Amino acid sequence: MYFGGAMEEQDIQLTRNWKQVCEITTALARAYKSRQLYAANNPVRHTSLDSVFLALTDFLQQNEMLTFSVTESQFIYYGKAVYSNPDRRESPVFRLYRDGIRFLSFHEGITREELGELLDALSEVSPEGGEGDMDVVTQIWERDLAHITYIAVDDCLDFDDSELAASPEPQSSQAGQPSQGVESLDVAESPESFEPSRPAYLPPEMKQPTLGVATIVDSPFTEEERKSIANVFLSEEDLDEIGQQVLTEDRQSPREKVSEIFLEILDGSWGSEVKTDVTRGLGVLCGDLLEDGNPTQATKILREMKEFASQEASLPKDFVKMAKNFVQARGREGELVRLEPRLEEANLHELENYECYLCELPTSAIPQVYGILARARGRKVREMLCRVLSKMAKGNLDALADMITDPRWYLVRNLVTIFRLMKDRRALVYLEGLLYHEETRVRAEVVHCLSEIGGQEANILLCRCLQDSEKSIRMLAVRKLSREREELGASAIADSIKEKSFRKRSTDEKREFFDALGRSASDDLIPSLEEFITKRSLFHGPEADEMRRFAAMALARIGTEKAIGLLEKTAQSGNSKARKYCTEALKLYKLRSSVQEEKSQEHIVGANQRSDVARER
Amino acid sequence: MPESTARIDTRMCRQLVSQLYVVLRIVKIYEPNNASVANALSSFMDILRSVAETWESVNIEATAGCLYVNGVRLKVDVSGYASHRYIVEQMEKFGLRGIIFLNALSEKELAAFAYELAESDPKESNFDELERRLKKKGIFNITISKASGSVEMEEEDVTRKAEEQAKKTYFSTIKIVRQIMNSASRFEAVKLRRAKRAVQAIVDSVLHDESFLLGLTTIKNHDEYTFNHCVNVCVYSVAFGQRLGLSKSRLGQLGMAALFHDLGKVEIAWDILNKPEGLSQEEWELMKSHTVQGSRLLAKLCRMDEQSLRAIIVAYEHHVNADFSGYPSPGEARSLDLFSKIVRIADAFDAMTTARVYRMIPRDPHDSVLFLLKEAGKGFDPQLVKVFASMIGIYPVGTVLQLDTGEYAVVVKPSRDIADIGRPFVNIIAGSEGMQCGGDPVSLAEMDEHGNYKRNVKRVVDAEQFGLNVPELLLGPLGVEPVEAQQADS
């Protein structure tokens, strides 16, 4: 008998199939890679998925099913490798193999969505593999893909592949069958020996049941039982309640609940072994909660542990030590680095919650928090971290000392901000060193900081800023000093004005200085101002005119009787320029006074109106 | 499966399926001119019109035990469970993949279709035959599509294969639980992957047909009580969760949590666990500690992923009652986890129905269900216990009954319909003359031509009294020594 014709035809078909299957698996690998490289809405992802879908459906129309076996680096179809990629990180084959899949089948009727889901399942599992929810088999199983089936083994590390390699085609289940291919359970262990069948008759007792035996129920239901049975029926309220329970369960993350349970256990009188394991579990949970975006619960855990750590008198020593270690461990870099990505995404309210958590950390965590500050990009995040560090370092300024010499100017500025928030005079010793920092923005922050700290020592340093090489710093410093209205500041400003170099300064700076002088000076400095206005021999040119004008303004700003008297007197003098500027200054003074009076009138009227309304009520 | 290209109101689709169920059931009881039939048909047409507003047709498809309406899968929940299952079963029986209702459908055609299905016997009418008869009756606005592959396989083969798989799964899971608990007792890291595969197989079995696995839970091995018990609780819990409409992923997590709810018992001395007399106060405190020990062991030996976390919660809470009595008592007022409440009920039921060294005669399954109902609100969540009772039935699988016909029967499957909760599916094991019978399961809800029930329960029979091996009655020879034989030997 000759079978050659049929065999040749089969070979031709197989060859054609191999070619097609090669194309399919290559397209599949490409689609898998595109999922790793591109975002969900990228057209490349869609086109690559379309390619594999079209190729696959074309094949399945003729062949109903496509099955290949899965090795570490290859897809095998009828004994031939149709795809090969030894790169474990890149290859979809290894991911399938590592998590136990040995055969993968596609069935006619497969949809594009199902194919996409399969690729998602492969992509969502980390390259290192997962023991928990995140293994490939579970991901595929959960997705309920009616037209994709698989055969998986229990544990790819222990399983002897040679058993399966012997069979050319798997007995993969039909598409649509619910037990979709988990034929992995240990067949050899099922009961093999069976007892012979029972005889084809039953004991005579079965014909006439014995009466009076306590275990026989005399009638179907008692009255009470009937009531119970009637209660089986679910009302609308019952259905709503059940629906709510299911919905709540679906939404709740179990981490919070488990952390509550662990805290309950720690509060109980369990042995040290139990508490050690539970504390370790809490530590893991704490980090996970931060990563999850739930710092509130993490804060609660930390506070409770700090509470335990503080109860040395009443709790066992080893547990107190454990609690202290727990608190310390929360401040380690490995822990804190997990919340960094969350900080950048957080809104204001969420940042407040993170702030609460970070403020609970021990002072040993200051360098780590500073490290986060160094890496932070968002302004709000940096502000929050500065607040945190200001609280952490309270009473422990030296913990921040090392950071003063940081070459990154923006961090030094942040450090000055922290000092500003702390308002601690002990920071002055560090700030003095920063008065001459090369970066203007740092020096500006120092000026702000000194102004916030206040007091004589801070003002002395502020006065030094009047000599800064940068105009913006000088102007900022003079504004801050003028608000103090102190004699020290006024003299320093006056001294600056008297310097020869002052005349070369810009108009706005001169105006600012004189204005500041006017706000902070008393009658003692009037003679100096008079000299600026009237003395001819010292001043020449527009610079001199400017000085006169601003000096007159300063007198108007001082506004005392003596100052205004001088202005009025000089306005009548023979010195035309002095007369001119003093007249201008007087006008300005009168205008300011009338505006102030109007404002105070309005204020009085407003106050009267409010009290009238209140009386009427 | 057609791709869904337009948004569809899944709530309306569920109503459509429920109403189709009503129509198919009502035509079995009433004549066409009956007002109830007319109302049912009219309601169905109203809902169909709402669903079909943006479509030319509405296609109800059944695949792998799930229903799809125009390509959108319908999620099962506790209120729609019975109707969902019924429609799936009917479609599977007739080898139907889909039923397509066209826009031009009239009530008359719908009635003709429903009555045709009611009168057809799936054993005698294959798909082609049914299709031909529908056309002959002038039903053109309802078309049916054939399920791919399933007609080639005999229904019996499918069932047999599924049952074999369920058996394999059950026994393998017991072995896996034993291995894992032994590892846990030595504080070795626990490889959960095998357990996960086993639970996934249990979920698949339950989703296909829970009754066979529930039948396996009648195997009560009091020597290896803990391992057997864990698997039984897992099966009950997964079946329970399915009723509540939990997703496959959640069912997997529930199954794992249920499987390891008693892991803490590895820390309890064997002689306390198996002490025949009552426990002293100290021993009782040790016994109660298994909940804390279990959650501690899970934290120590497993990764703290979502699955393990849910298992920790269940291990800790599964002895806390609905009224917060029980143990351990929760520190501050908080709600109990849904999974804990489910496992609480499943755990209690299996424990009551298993012989223990301190209680050699187990409680009857029927009696145990009534006990659970009685304790609703105190020991058990009141709504959940109702769902459990409706799942298990008033006469749970394995209950032996004497019927008013003189026959004896063993319950093999609870009724799907809660209205027939006292009328499960049974295998007749003995005729009125005492001769052993065989054959397919019969439903005690079956009625004769006069509308009367063919069979009624006269009484529950204690299987042990008559030396009946219930697991073998249900499942055939297992090769596992029955509890009764062990007791007889001792």
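This note goes through some local features of the model, point by point.

1. The structure is a predicted model, in which local features need pLDDT of at least 70 and side-chain atom pairs count only at pLDDT 80 or more, while totals for chains, interfaces and linings use all residues. Residues are numbered from 1 along each chain as its sequence is written, chains are lettered from A and ligands numbered from 1 in the order in which they are written, and side-chain values use heavy atoms, with hydrogens and water left out.

2. Over all chains, a search of the whole structure finds 21 aromatic pairs, where rings of Phe, Tyr and Trp (its six-membered ring) pair if their centres lie within 6.5 Å, and planes under 30 degrees apart count as stacked, over 60 as edge-to-face and the rest as tilted. Tyr21(B) and Tyr86(B) have ring centres 5.3 Å apart and planes at 75 degrees, so this pair is edge-to-face. The pair joins distant parts of the chain, with Tyr21(B) in helix H1 (residues 10-26) and Tyr86(B) in helix H3 (residues 81-93) of chain B, 65 residues apart; helices (H or I, at least four residues) and strands (E, at least two) are DSSP runs, numbered from the N terminus.

3. Tyr21(B) counts as buried because its relative accessibility is 12%, and Tyr86(B) counts as buried at 13%. Here buried means under 20% relative accessible area, exposed over 50%, and partly exposed in between (1.4 Å probe, protein chains only).

4. In chain A, ring pairs link Phe502(A), Phe513(A), Phe514(A), Phe532(A) and Phe550(A) into a cluster.

5. In helix H28 (residues 561-571) of chain A, the buried residues are Ala563(A), Ile564(A), Leu566(A), Leu567(A), Thr570(A) and Ala571(A). They cover an arc of only 155 degrees around the axis, which puts them on the same side of H28(A), the arc being that of the directions from the helix axis to the C-beta atoms. Glu561(A) and Lys569(A), on the other side of H28(A), are exposed.

6. Two backbone features deserve a look. The peptide bond from Tyr327(B) to Pro328(B) is cis, with omega near -15 degrees, and Pro328(B) is placed in the loop between helix H13 (306-317) and helix H14 (338-352) of chain B. Tyr78(A), a residue other than glycine, has a positive phi near 45 degrees; Tyr78(A) lies in the loop between strand E2 (74-77) and strand E3 (80-84) of chain A.
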